[in-house]
There are 2 protein chains.
Amino acid sequence: MALIVQKFGGTSVGTVERIEQVADKVKKFRDAGDDLVVVLSAMSGETNRLIDLAKQISGDGQPVPRELDVIVSTGEQVTIALLAMALIKRGVPAVSYTGNQVRILTDSAHNKARILQIDDQKIRGDLKAGRVVVVAGFQGVDEHGNITTLGRGGSDTTGVALAAALKADECQIYTDVDGVYTTDPRVVSVAQRLDKITFEEMLEMASLGSKVLQIRAVEFAGKYNVPLRVLHSFKEGPGTLITIDEEETMEQPIISGIAFNRDEAKLTIRGVPDTPGVAFKILGPISAANIEVDMIVQNVAHDNTTDFTFTVHRNDFQAAQTVLENTAREIGAREVIGDTKIAKVSIVGVGMRSHAGVASRMFESLAKESINIQMISTSEIKVSVVIEEKYLELAVRALHTAFELDAPVRQGE
Amino acid sequence: MALIVQKFGGTSVGTVERIEQVADKVKKFRDAGDDLVVVLSAMSGETNRLIDLAKQISGDGQPVPRELDVIVSTGEQVTIALLAMALIKRGVPAVSYTGNQVRILTDSAHNKARILQIDDQKIRGDLKAGRVVVVAGFQGVDEHGNITTLGRGGSDTTGVALAAALKADECQIYTDVDGVYTTDPRVVSVAQRLDKITFEEMLEMASLGSKVLQIRAVEFAGKYNVPLRVLHSFKEGPGTLITIDEEETMEQPIISGIAFNRDEAKLTIRGVPDTPGVAFKILGPISAANIEVDMIVQNVAHDNTTDFTFTVHRNDFQAAQTVLENTAREIGAREVIGDTKIAKVSIVGVGMRSHAGVASRMFESLAKESINIQMISTSEIKVSVVIEEKYLELAVRALHTAFELDAPVRQGE
């Protein structure tokens with residue numbers, strides 16, 4: 001008999017029918033003897049509807065953060081009670097709790113609060129009494145009794161935090177995919193589901209556009225060593241277990257997966273006078289404009305000038321270009337050029353720590369396909385390159401094969 | 001500078017535009033120097049939408065009462081935050097509180113809870129700090145931290161209870177009418193708005209189909225002597241003040257208003273053997289079937305049998321008829337006859353306590369119009385008659401004139 005925290009997202013509880021299906025799934029675990037805490041998001045679309053109302057009232061200004069939390073927290077409050085009803089209808093004792101009722105204590109940073117402490121008393125009492133406990137994700141309460149929310153997607157974090165507080169055996173995150181793949185199966189048909197992946201790898205995959213899990217939730221799970229499992233909401237299967245890297249065995253693959261994204265755009269400021277502090281002069285105004293920068297490359301100078309390149313989210317491209325052109329005039333740079341037709345491809349794996357030559361193998365296989373590399377950036381368990389967008393699929397397929405990630409061709413195929 | 005509790009119902013906050021109008025109105029009072037606590041209902045239609053969701057999940061069974069309260073309480077939670085935002089946008093400091101956050105302590109009777117106690121600490125602190133406090137109507141929390149609701153229309157009760165707890169100078173209930181009238185202006189064009197009415201009269205008017213206020217709220221206001229004012233949400237005007245009967249002066253009209261309703265149906269069981277306990281034998285099964293009975297008339301017996309007549313809500317007519325026919329067989333009564341084409345007309349006024357002849361004046365004016373009276377029932381401040389439905393408007397107009405309630409004809413009209 002295990003204690004399991006299960007988290008279902010917005011599409012999994014998007015209709016009454018789907019909530020019934022979730023209830024069936026929860027009942028199956030309960031019947032098998034597990035103790036269950038279920039964390040839910042709002043019905044898909046509901047949070048946006050509520051935010052729209054708040055925006056309409058707020059006119060040109062931002063919605064007042066404290067009051068926005070009062071509104072959006074109602075979304076989960078509806079789904080938890082609906083699931084509790086569906087469970088009780090099935091003869092499964094159940095009770096719903098808002099973040100405030102559990103007492104998920106957070107700081108007072110409305111709309112992006114952080115969990116400080118979870119009171120497990122009430123939940124433990126209910127589990128002992130045989131009840132399934134259904135908890136509203138994404139929300140908590142500060143020390144003054146104000147309702148807070150953890151920000152979009154924060155329900156994953158609620159699940160992990162509850163699992164940590166209750167020392168649960170596993171935190172299961174139900175999604176619309178049946179696990180974490182070596183890469184996107186829509187791009188590489190022979191992509192494979194991973195049985196296991198480390199927290200670090202998952203973090204790199206997540207931050208690189210594999211939107212299976214919230215980054216914060218993975219960080220949290222890693223910090224408190226909560227075994228995290230990604231599963232499909234309505235299909236059977238073992239999913240992917242995300243856990244600490246216990247066994248660095250020989251069999252461990254060097255690379256766990258290929259991540260990529262097309263969300264970025266590239267900006268280069270050319271002919272920058274090569275003086276100290278120039279990087280700050282360029283990125284300071286970008287940061288002041290609330291634009292996040294991802295990759296940054298500056299190469300050695302020649303003729304006392306240098307070129308400085310960085311990537312931003314495509315949505316921020318216009319704004320960043322405007323800022324950068326002002327900067328160029330101020331510091332006397334030659335020109336600003338931009339490119340939105342780029343893609344980032346990354347190989348991720350804890351195995352590469354102990355293997356030299358992983359990067360060169362990557363560059364070699366891209367060269368074989370005549371794909372030009374525009375930018376390179378590396379971390380301990382990741383190598384990322386920026387290439388022309390049109391080569392993205394080709395690059396991902398080539399790397400997937402080069403690092404021996406392709407699924408074996410099944411008989412008869 | 002007065003402390004005023006203002007309550008706005010579902011249609012007054014039914015859209016973002018209407019919430020903006022409410023904010024304008026609240027700001028006007030605030031600018032005039034009043035301290036304000038505003039109680040809101042859910043946006044019109046929202047509570048029904050939430051109940052529908054709960055019913056869909058619950059299938060044939062009733063929604064689990066505790067969980068239903070978790071769901072439906074979200075409706076007010078949305079409107080309070082929206083109004084707080086709209087006020088802050090106007091430069092009026094404001095804060096929203098759910099029933100739980102105020103701590104409106106209720107018993108644990110989910111879906112129909114009663115308020116036990118209100119903690120005024122938080123609200124007083126906010127008022128002192130110059131904030132308008134916006135409170136979710138219709139909801140509270142029990143001693144175990146479970147969310148409760150007061151039942152449909154309970155927002156009026158929240159307003160009155162808050163006014164009582166805060167010893168407010170006035171509780172203003174904003175509605176879609178500009179006050180309490182001598183009778184329905186759609187029936188009698190010369191009906192007049194009353195400046196003042198007593199709690200007792202208001203109770204009789206409300207229970208007789210003048211659906212301006214929740215009966216429970218009026219009872220509550222009377223009990224704690226909270227001056228209650230009915231006003232129009234979006235039109236200017238003094239409204240009607242409902243208060244205790246302080247001055248029984250000569251000028252006081254004998255009759256304050258004419259109430260009526262068409263919601264009832266009449267059932268007669270004829271030829272009942274005239275033995276002790278027969279009334280219970282007839283009404284016991286009706287009550288056991290959860291059918292509420294309004295007027296009851298039994299006249300003197302002749303030939304050892306009697307006729308027994310009572311009225312029920314029209315929706316319950318079929319069910320009551322079936323029950324009554326069973327009873328008739330059991331006790332050997334002659335027949336059951338029913339009539340749904342009836343209407344009840346009542347004259348209401350504290351003045352009639354000290355005036356003989358009010359009833360006879362009523363009967364006389366009906367006789368003049370050749371309207372036959374089928375049943376009569378009286379209380380200290382009310383006389384009700386049941387008549388054929390088609391004479392309803394004629395009867396109301398005749399009585400309105402007979403008791404000198406008609407508005408003076410304005411010049412030029």
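Predicted model: local features only at pLDDT ≥ 70, side-chain atom pairs only at ≥ 80, totals over all residues.
How many residues does the contact take from chain B and from chain A?

**Entry 1: where the chains meet**

I looked up the contact and found that it takes 44 residues from chain B and 44 residues from chain A. I then noted the area that the two chains bury between them, which is about 3,200 Å², with 65% of it on carbon and sulfur atoms. On the chain B side I wrote down B:Ile57, B:Glu67 and B:Met85, which lose the most area to chain A and together make up 23% of what that side buries.

**Entry 2: the eight-stranded sheet of chain A**

I followed an open sheet of eight strands in chain A, whose order is S3-S6-S2-S1-S9-S11-S12-S10 and whose pairing is mixed. At its edges I found strand S3 (94–97) and strand S10 (196–198), each of which pairs on one side only. From one strand to the next, I noted a twist that averages 20°. I then turned to strand S1 (residues 3–8) and strand S9 (residues 170–175) of chain A, which run parallel and are joined by five bridges; here I saw that A:Ile4 stands opposite A:Glu170 in S9(A). Helix H1 (residues 16–31) of chain A packs on this sheet, where I listed its contacts as S1, S2, S6, S9 and S11, and its direction makes about 170° with that of S1(A).

**Entry 3: the four-stranded sheet of chain A**

I went on to an open sheet of four strands in chain A, in the order S15-S16-S14-S17, with antiparallel pairing. Strand S15 (293–298) and strand S17 (335–339) each have a single partner strand, so one side of each is left without a neighbour in the sheet. The twist here averages 15° from one strand to the next. I counted on five bridges between strand S14 (residues 264–273) and S17(A), which run antiparallel, and I recorded A:Gly338 in S17(A) as the bridge partner of A:Leu267. Two helices of chain A lie across strands of this sheet: I found helix H10 (residues 278–288) across S14, S15 and S16, running at about 25° to S16(A), and helix H11 (residues 317–331) across S14, S16 and S17, running at about 0° to S14(A).

**Entry 4: pairs of helices**

I reminded myself that two packed helices are described by the angle between their axes and the distance between the axes.

Technical notes:
Residues numbered from 1 in each chain as written. Chains lettered and ligands numbered in written order. Heavy atoms only, no water. Pairing = 2+ DSSP bridges. Axes fitted to C-alpha atoms, helices over the stretch in contact; angles between N-to-C directions. Contact = heavy atoms within 4.5 Å. Buried area = accessible area lost by both parts, 1.4 Å probe.
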